[in-house]
Amino acid sequence: MLQALADGILTGSIIALGAIGLTLTMGILRFANFAHAELITWGAYMALGALAITGTFAGPISPFSFGLPLVFATLIAVVLTAALALLIDHLVFRPLRSHTSHMTVVFASFGVSLLVRMVILLIFGGSAAYYSNELQIAIRVMPGLRVMPDHVFTLGLTLAIVVALHLFLQKTRLGLSMRALAENPDLVRINGIDTRVVVRWTWVIGAALAAVSGVLYGLTVQLRPEIGFQLLLPLFAAAILGGVGNVFGAVIGGLIVGLAESLSVLFVPAGYKMAVPFFILLAVLYVRPNGIFGALRGGAK
Amino acid sequence: MSPLLLEIRDVVAGYRPDLPILHGVSLHVGTAEMVTVIGPNGAGKSTLVKSVAGLVPISAGSVAIEGTEVTNLLTHKLATASIAYVPQTANVFTSLTIDENLKLGASTLSKADAGRRIAKAYEDFPALTQYRGQKAKVLSGGQRQMLAVARALLTEPRLLMLDEPSAGLSPLMVSEVFSRLKTLIATGVSILMVEQNVKAALAISDRTYVLAEGRNRIDGDSAKLAGDTEVAAIYLGAGGRKR
Amino acid sequence: MSGYLAYLVFFLIVALTYSIVVMGLNLQWGYTGLFNAGVVGFFAIGAYGTAILTGPDRPELIGGFALPFPAGVVGGMILAALAALLVGLATLRLREEYLAISTFGIAISIQLIGLNFDALTGGAQGLTGIPRPLFSTFGTPGAYNLFYLCLVGTITAIVFAGLQVALQSPWGRLLKAIREDETAAASLGKNPALVRLQAFVLGSTLMGLAGGLYVGFIGYVSPLDFLPLLTFQIWAMLIVGGSGNNRGAIVGAVGVWALWTMSGFAISRLLPVHYQSQGGAIQVIIIGLLIVLTLLFRPRGLIGEAQSVSRHAR
């Protein structure tokens, strides 16, 4: 039970990071981006590729299974994922936004997610991959609870990122513009701010979070082209549970979804794990569609 | 003679190019002048100021600020054209604090200027000071209007455009808002105001334009128009002298 | 019957079955503007439902009621309708994205049930030995396939005609009115959300029907027949054929399915053996590109339709 809790928190942290990016883009850009989950897969694999190119020029930093090489690879992955997000926005979303209905853009994101996933499959192949072949020793914290140092790192990094993001949104001009954009795009322009710039930065931040989430997933679980597709439902469930546009809500939502998934194996066969986010989602939609903490503008029409 | 502050010539504008709301409207505003635009519902008054602000596309005609053409201006460039715009609804960010609303309005300024001017805004609008750190949604309608105007003035515009500033305000608030606007004129700012409150508009402004169905109908000295029966006729849907 | 002709019959049976799914999707997207991201789920419900109801009784299975084929198909349709109701009601008054996410979720859940609920669905092995309707009446498989083609073709025609009638009816005009201007329709006392729900459930029921027909022909079901890929394939058929247009739905189904099978042949011929799984990815990329490019450059698809200009002109 304790182990399931710990695993759930780990999964929850990864979902939370991805959900933050999703809730930001959903709240500010106002559309459910099905391709966001694939940014996570892309980030994870870009880091893998970067590692392959740079080689392991430094050893792991104990007690973790990774060292400087992965850190650099992650930075590269962040840049490449942001680039992909901006490219997709420029080539697909922006043209469609101005000429067609809202749902067409959502649908296009669905199509784009397929393309990204397949490209990764083509380049890297379909079998599981890992950042390193180092074996980690799980540390026995207490009876019934084994924890890997990498997992603790994941949790710590997630918390650090969340705090940093909060400060960014509250204290910086750009963060303020982003919060304003989520409420009223026209008024933001009337105030003299070029919303296109704010939109681009929103994509960059969302993509960066997705990339980090992907690397952490690859680090603590494994790399497969289906990572994003499998995270899609948990991400949406977490973002909606926490209230769309609400960063803090996305974090809590992510943790809840992770814990629920992890604890569910105590009650139902493990094969059904993936259905848990769906039931959480349905429950939220029936009972409280604005999420626990309230969406920015509400989900109602 | 020096060019007028704002000159709108034969503007045709609308959200869809095949369905224009304005069918060739002309108007001008001089320095330190208050000009009102009135007219029945659907006349296109809001659309007129929105088109100057770049929120509604202009398909024909021109808009010029001091001789420089600014037709179909990008909305976020309003400040560089010395224009500030206060929309009728949703003119403040209710999810942000008063301070944050003002900070946003000062986005185009340097940090030093922004600090100075925001401090001045609190001096000019003391009622806002007590709510500084609170979200704008706690403000009453009149206070929100104050905030919206305070925000607009941060960029020290030469032309302030307002869309129905008296909407939803008590008569007391209306007279307070209007007297504020009057003092602004004295500082050299020009005001272009769309109004539903015909009596107050005519009483306070220098000149007035009457629009109906997307076209000019009458314009002239506000005091003279106040007694003009044509104005009432336009509101009731009857004829009215065409320009 | 010659090899090519036999293959053509087989091909057409599958393509026409899919065209019924596409018409159901068209009702949801083309006429109502609803994004169903879990098409395969409703198709699977219809298929599994029919299989469970018509399959032979086996001790390890809950199902296997050996009901006659039409009853089985209707049962599958009812199940699909119920599933649609479940997600439809949840998202009735919310933005359309929530329906998209929910349908996606239901498709995943159905797939999981298919894989794991061994007693009901046969698990990863699936259910086999589903009786094919009137199979014993025909001498050769070739003759049977021809019969089945006629059956599917007739049902496709009935669905097509039925949809045309429904769309011309007062209900259909109401649907159109809601699409054009929802606020006006609402102010007339109509309930846009309810009408949209009806369209959604009806479309999903059609998908269930197609699932039942599919099972009747193939004779078995397994989770591998209902991968998320099918959702994309159906969508490609709709987008390429021209959404909002039932003729386009059928043309798109046949066309895209032809493209898929031909590209499959080409890839298996041209690619060296150890790249074959990558070959599958190439096929999917073709589908994905087809969708995205059609959206960008020909949003009306191949046949297109006389649709009013989007009122979101800003």
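**Group meeting: a predicted complex, chain by chain**

Let's start where two chains meet. The contact takes 37 residues from chain A and 37 residues from chain C. Two residues are in contact here if their C-beta atoms, placed from the backbone, lie within 7 Å. On the side of chain A that touches chain C, the elements giving two or more residues are helix 3 (68–99), helix 4 (102–124), helix 9 (227–242) and helix 11 (275–287) of chain A. Helix 4 of chain A gives the most to that side, with 13 residues. By class, this side of chain A has 29 nonpolar, seven polar and one charged residues. As for the classes, Ala, Val, Leu, Ile, Met, Phe, Trp, Tyr, Cys and Pro count as nonpolar, Asp, Glu, Lys and Arg as charged, and the others, Gly among them, as polar.

Some ground rules. This is a predicted model, in which local features need pLDDT of at least 70 and side-chain atom pairs count only at pLDDT 80 or more, while totals for chains, interfaces and linings use all residues. Residues are numbered from 1 along each chain as its sequence is written, and chains are lettered from A and ligands numbered from 1 in the order in which they are written. The predictor gives the complex an ipTM of 0.90 and a pTM of 0.86.

Now chain A on its own. Chain A has 11 helices and two strands. Helices (H or I, at least four residues) and strands (E, at least two) are DSSP runs, numbered from the N terminus. For 301 residues, a compact globule would have a radius of gyration near 19 Å, and chain A agrees, with 19 Å. That radius is taken over C-alpha atoms, and the globule rule is 2.2 Å times the number of residues to the power 0.38. Along the principal axes, the C-alpha atoms of chain A fill a box of roughly 55 × 45 × 40 Å. Of the 301 residues in chain A, 55% count as buried. Buried means 20 or more other C-beta atoms within 10 Å of a residue's own; exposed means 12 or fewer; partly exposed is in between, and the C-beta atoms are placed from the backbone.

On to chain C. Chain C has 12 helices and zero strands. Its 314 residues would give a compact globule a radius of gyration near 20 Å; chain C has 20 Å, which agrees. The box filled by its C-alpha atoms, along the principal axes, is roughly 60 × 45 × 35 Å. Buried residues make up 47% of chain C. Among contacts in chain C between residues at least 6 apart in sequence, 77% join residues at least 24 apart.

How confident is the predictor in chain C? The average pLDDT is 85, and 94% of the residues score at least 70. pLDDT is the predictor's confidence in each residue, from 0 to 100. Over residues 302–314 of chain C, the pLDDT is below 50. Beyond near neighbours in sequence, that stretch has 25 contacts in the model.

Chain C also divides. The domain assignment gives domain 1 (15–226) and domain 2 (228–305) of chain C. Such bounds come from an automatic or database domain assignment. The centres of the two domains, taken over C-alpha atoms, are separated by 21 Å. Their contact takes 21 residues from domain 1 and 16 residues from domain 2 of chain C. On the domain 1 side, helix 1 (3–29), helix 2 (39–54) and helix 6 (141–168) of chain C each supply at least two residues. Helix 1 of chain C gives the most to that side, with nine residues. By class, the side has 16 nonpolar, five polar and no charged residues.

One helix of chain C deserves a slide. In helix 4 (residues 96–116) of chain C, 17 of the 21 residues are buried, so this helix is largely enclosed by the rest of the structure.

Last, chain B. Six of the eight residues of helix 2 (residues 98–105) of chain B are buried. Among them are Ile98(B), Asn101(B) and Leu102(B). What covers them? The cover for the buried residues of this helix includes helix 6 (173–183) of chain A, together with helix 3 (111–124) and helix 4 (141–153) of chain B.

Most residues other than glycine have a negative phi. Phi of Glu66(B) is near 50 degrees, a positive value. Glu66(B) lies in the loop between strand 4 (58–65) and strand 5 (68–69) of chain B. Asn72(B) has a positive phi of about 55 degrees, and lies in the loop between strand 5 and strand 6 (83–86) of chain B.
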